[in-house]
Structure formats: C-alpha cells, structure tokens
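Subject: Structure for your review

Hello,

Here is the structure for you to look at. My notes follow it.

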Amino acid sequence: MDADTAMDMEIGDGSSSYSSSKRLGIKNTIQTNFGDDYVFQIASSQEISTLAVSLSTNTIKLYSPATGQYFGECKGHSGTIHEISFSIPSSAHVICSCSSDGTVRAWDTRTFKQVSTLRAGSSQEVFSFSFGGSSGNLLAGGCNAQILFWDWRNGKQVACLEESHMDDVTQVRFIPEKQNKLISSSVDGLLCLFDTDGQIDDDNHLESVMNVETSIAKVGFFGQMNQKLWCLTHIETLSIWDWEEGKREVNFEEARSSASDRWNLDHVDYFVDCHYSKVDDRLWVIGGTGSGTLGYFPISHEPLGVIGSPEAILEGGHAGVVRTVLPASSSHGGLASAKGVFGWTGGEDGRLCCWLSDDSIGADRSWISSALIMKSQKARSRTRHHPY
C-alpha cells in the first residue's frame with residue numbers, strides 16, 4: 001500500500017445549514033488502494049493507538065488513527081467479516097473477528113498473525129460476538145437461529161441456545177456493568193434477555209422476550225445505569241426500550257422522514273448507528289444520505305419521542321452509502337473531539353475518512369483514503385438493506 005500524502009482535497013468549515021450544527025472538515029488525503037472494496041466496520045484500541053478496518057475482501061487492515069499510516073493486514077477468513085472488536089480480556093494487542101465462514105478468530109496486531117480460532121460448525125455463520133459473563137471470559141456468538149457460548153480461556157463450547165430465535169441472530173451484547181446478562185436480536189424481530197450464570201439453557205436462562213415486530217439490525221445500551229436499549233431495524237425504524245421492564249417506550253416508525261425534516265440537505269435514506277454520551281446523558285442517531293453526507297440527530301425520548309436538528313454534519317468525505325462510524329471520543333464522551341479529531345467513517349465508496357472538529361481545521365490530523373471509485377453496475381446493485 002502506498003501511503004503517499006496527496007494534498008488534493010481541502011474542505012473548510014463552510015457555513016452550516018443550522019447555526020447550532022457543527023460542520024466537520026477534511027484537510028488532506030492518503031491513498032490506501034482499497035480499490036473496489038467496501039469498508040464494513042472500523043474498530044479502535046486506545047491502548048495501542050491502532051485503527052482496524054474490515055473490508056469486503058474478507059480482510060482486516062490496520063492503520064494509524066492520527067496519520068492514516070498503513071501497518072499491515074490480517075487475512076484468513078473465507079467469508080464476509082460481520083464484526084471486529086478489540087475486546088478480548090487482558091489482550092490489548094489482539095483483535096477479534098467473526099465471519100460467515102463460521103469462525104471467530106483472534107489476531108495479533110503486532111505480527112498480523114492469527115492466534116486463535118473458534119468454530120461454530122460447518123453449517124453456521126457467526127454474525128456477532130460479545131465477551132462477558134461473571135468472569136469476563138464467556139464469549140457469546142450470534143449464529144443462524146442459535147447463540148453459542150465458549151469459554152475463551154480454553155476454547156471449549158459450553159452452551160448452545162437454539163429455541164429462543166427462529167432466524168439469524170444479528171447481535172449479541174452483554175450488558176455493561178451487568179456482565180451476566182445478555183441481550184440478543186434477530187431477523188425474527190425478537191429481543192431476548194438471558195441470564196448466563198450457571199449451566200446455560202433455553203428453558204431456565206431466558207428471562208424475557210421483547211417483540212420489535214421487524215428484522216433487527218443493531219442494538220445498544222444507554223442511560224446512566226445502561227437501563228435503556230436503542231434498536232435500529234432493517235427497514236430503518238428506531239425504537240427505545242426499557243430492557244429491565246421489557247417494554248417499548250418510544251417507536252419512531254417514520255424516523256427517516258422525521259430526521260429529513262430537520263435539515264435542508266438530501267433526504268435521510270438510512271441510519272448507520274447511534275451514539276450515547278454518558279457525561280451528558282444524551283443519545284444521537286446517525287443518519288446518512290445516498291451521496292454520503294451524515295448527520296448526528298439528537299433523540300429526546302422522554303416524555304415523547306422527538307428527533308432534533310443535527311448537531312454535527314459530516315459532508316464532502318464520501319460519495320456513497322456510509323457503513324460505519326467510529327467517534328474519536330470514547331463511548332462515554334459527547335460530540336467533543338479528541339485531540340482535534342471528531343471521528344472516522346467508512347463506506348461503500350471504498351473510502352476511510354478521518355474528520356476534524358470545526359475548531360481544528362488547521363490541524364494536520366484529518367485524512368481521507370483513496371480516490372473516488374466508480375462502481376460497476378454489479379457493485380452498485382449490492383445494497384446495505386440486506387440484513388447484514
């Protein structure tokens with residue numbers, strides 16, 4: 001990979017559509033030769049200052065978050081990589097990934113070598129994984145209508161839940177600060193809450209079921225005690241749940257239209273993610289346009305659900321659907337920048353973008369990867385609205 005800086009793009013902090021919106025800027029570019037690859041997900045490790053990027057070529061590439069310098073790549077998966085995370089207990093230099101090839105793999109980011117492989121079975125795909133349990137060494141994997149559990153210390157499978165979901169399990173998440181509790185989501189439209197203490201089974205460890213009524217794409221926790229759950233679906237609706245009570249508090253069935261009404265840019269076509277600031281106790285939904293512009297729309301869920309005007313706009317970096325957003329601040333931070341960097345984004349245009357906050361436009365920390373790529377008609381036909 002060439003890491004030559006191409007100072008061919010400069011975007012200032014032009015006037016915003018809304019005086020309260022923060023307009024983000026990009027200063028210079030770095031060629032990373034993604035070619036026709038999609039960027040699926042970006043993950044970071046603050047301990048070792050590394051960005052990991054999963055691509056549609058079933059590889060993981062590693063970069064410097066500050067400069068975009070390319071470090072190397074991890075290759076081994078034979079199917080789509082659905083999730084990556086620096087979350088392995090006591091292993092700062094190890095990144096974990098799961099794939100349609102039915103494996104969960106661990107990679108040493110110093111050598112780019114695979115150091116561990118867990119197999120779900122020849123007929124299984126692994127769409128999501130999460131570390132938790134009372135010891136922190138329980139690994140849950142969301143598969144084809146199953147949830148598998150392994151003891152990470154010895155790699156042995158310790159449980160299989162196969163009666164709770166009827167379709168692909170899109171997400172599994174252990175609840176922060178309540179690591180024995182696990183939430184799963186599925187294409188079948190159900191959210192399931194499990195207690196993972198003891199010998200895990202469907203009969204005795206399924207605590208509650210919440211019916212979203214449509215295929216679920218992504219979930220996450222928020223609130224001072226992580227007592228709330230946000231839920232994004234494959235038809236681009238958003239709902240807010242109290243997972244302890246097992247009830248839906250707000251349902252944004254027309255979330256895209258509501259967000260679109262809050263700015264004068266293109267219609268919001270999809271949602272990428274949600275971001276929660278524990279410091280401010282605020283939640284944003286991140287919406288995108290087909291041309292690659294993103295907006296951070298604040299969510300007010302009490303007493304009535306309202307989507308507000310965007311408080312940050314990321315415009316000019318992408319030329320297609322954005323698949324992933326990684327804020328520079330930790331999951332507990334607000335929309336403030338970290339050392340002048342607001343965050344990173346990646347998408348179907350093969351670009352990896354680093355965004356500056358509007359008060360740091362002069363800094364040399366913002367970069368964007370690769371030139372614009374013209375997609376073939378075949379590539380254009382691939383849609384993010386496939387469940388994964």
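Buried means under 20% relative accessible area, exposed over 50% and partly exposed in between, with a 1.4 Å probe and protein chains only. V169 counts as buried because its relative accessibility is 0%.

This is a predicted model, so local features need pLDDT of at least 70 and side-chain atom pairs pLDDT 80 or more, while totals for chains, interfaces and linings use all residues. Residues are numbered from 1 along each chain as its sequence is written, and side-chain values use heavy atoms, without hydrogens and water.

V169 lies in strand 16 (residues 169-175); strands (E, at least two residues) and helices (H or I, at least four) are DSSP runs numbered from the N terminus. Beyond four places in sequence, the contacts of V169 (heavy atoms within 4.5 Å) include F127, C143, I147 and S185. Its C-alpha atom is 9.7 Å from that of E125, 44 residues away along the chain.

In strand 4 (residues 39-45), six of the seven residues are buried. Strand 4 pairs with strand 5 (residues 50-55) in the antiparallel sense over six bridges; pairing requires at least two DSSP bridges. S45 is opposite T50. The two strands form a hairpin with four residues between them, and S49 in the turn has a positive phi of about 50°.

Regards
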